[in-house]
Amino acid sequence: MSREAGPRLYAVSDLHVAYGDNHGIVRELRSTDRRDWLVVAGDVAEKAADVEWALRLLAERFATVVWVPGNHELWTHPDDPVRLRGEARYRHLVELCRSIGVLTPEDPYPVWPGPDGPVTVAPLFLLYDYSFLPPGVTGAKEALAEAEEAGVMCTDEILLHPDPHPDRAQWCRSRIAYTRERLDACDPELPTVLVNHFPLVREPTRILRHPEFALWCGTTATADWHRRYRAATVVYGHLHIPRTTWHDGVPHREVSLGYPREWRARGLPDPLLREILPRRSAR
């Protein structure tokens with residue numbers, strides 16, 4: 001199969017469909033080839049019903065849809081009838097996805113068979129452990145105090161419950177250990193596309209308007225995963241800064257839509273669905 005023939009693997013994140021304008025954009029998302037795949041790198045919505053609506057729609061329009069949770073899906077939102085917290089909420093979303101044919105971080109990693117394949121597409125759910133520390137700060141407690149003093153505090157601290165884990169950092173460490181076992185068991189001959197809501201390396205957070213927010217953006221434990229796990233591409237969202245950065249020759253692609261106020265100011269990503277495979281010069 002030639003590089004130019006056959007289906008494509010696309011990626012998008014941070015659809016935030018509770019916003020009317022974003023809801024309308026998602027209604028129009030579709031593939032030009034029903035064989036195309038789509039990875040959705042988290043923050044579809046806060047309410048379980050909205051997550052289901054969006055993923056069900058996309059699953060009807062793409063041959064394969066792969067989802068990873070963002071922090072917003074994990075919120076126990078006061079307006080959501082689904083009152084589950086923490087791990088129980090995540091497992092509920094996994095079962096919801098399975099019921100509509102969407103792959104999750106708990107399913108066998110699919111192998112992309114199209115141009116530039118075979119490639120293992122690995123959806124990851126890793127969270128963060130407050131290790132993206134500001135300069136001169138030696139621990140999470142001090143960093144959180146500085147963030148609070150600066151008026152920068154992620155809503156996760158109120159709505160993202162870690163139950164039954166003692167805290168979000170411990171949940172993150174548990175997910176890292178589990179995910180490393182799964183990635184270590186992958187076919188070592190195949191490259192990977194690593195998909196996570198949060199960046200796997202610290203560098204993309206350095207342009208944040210509020211640098212303190214990096215605390216809620218990932219973990220230093222994954223800094224070498226793009227090398228360790230033979231990544232052809234890393235896909236992530238969360239920052240609402242769509243762009244490509246290169247680390248050790250590997251493109252790391254932030255593929256978010258973001259909030260309407262953000263994309264109105266800078267324009268919609270063009271294209272909104274970023275093509276991951278076949279590999280080209282990343283845009």
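## Helix α2

The expected span of a helix is 1.5 Å times one less than its number of residues; helices (H or I, at least four residues) and strands (E, at least two) are DSSP runs, numbered from the N terminus. The model is a predicted one, in which local features need pLDDT of at least 70, side-chain atom pairs count only at pLDDT 80 or more, and totals for chains, interfaces and linings use all residues. Residues are numbered from 1 along each chain as its sequence is written, and side-chain values use heavy atoms, with hydrogens and water left out.

Helix α2 (residues 48-59) has twelve residues and reaches 16 Å from its first C-alpha to its last, close to the expected 16 Å. Its buried residues (under 20% relative accessible area, 1.4 Å probe, protein chains only) are Ala48, Val51, Ala54, Leu55, Leu57 and Leu58. Their cover includes α1, β2, β3 (64-67) and α3 (86-99).

## Ser31

Ser31, in the loop between α1 (20-27) and β2 (37-40), is buried, with a relative accessible area of 14%. Its side chain reaches the backbone oxygen of Asp33 at 3.0 Å, and a polar atom of that side chain lies 2.9 Å from the backbone oxygen of Arg61. Leaving aside neighbours within four places in sequence, Ser31 is in contact (heavy atoms within 4.5 Å) with Asp36, Arg61 and Phe62.

## The six-stranded sheet

An open sheet of six strands runs in the order β4-β5-β6-β7-β9-β8, with mixed pairing; two strands pair if DSSP finds at least two bridges between them. β4 (111-112) and β8 (243-247) stand at the edges, each with a single partner strand, so one side of each has no neighbour in the sheet.

β8 pairs with β9 (residues 250-254) in the antiparallel sense over five bridges. Arg243 has Glu254 in β9 as its bridge partner.

Conventions. Buried < 20%, exposed > 50% of the residue type's maximum accessible area, 1.4 Å probe, protein only. Polar contact = N/O pair within 3.5 Å; in protein donor to acceptor, adjacent residues only side chain to side chain.
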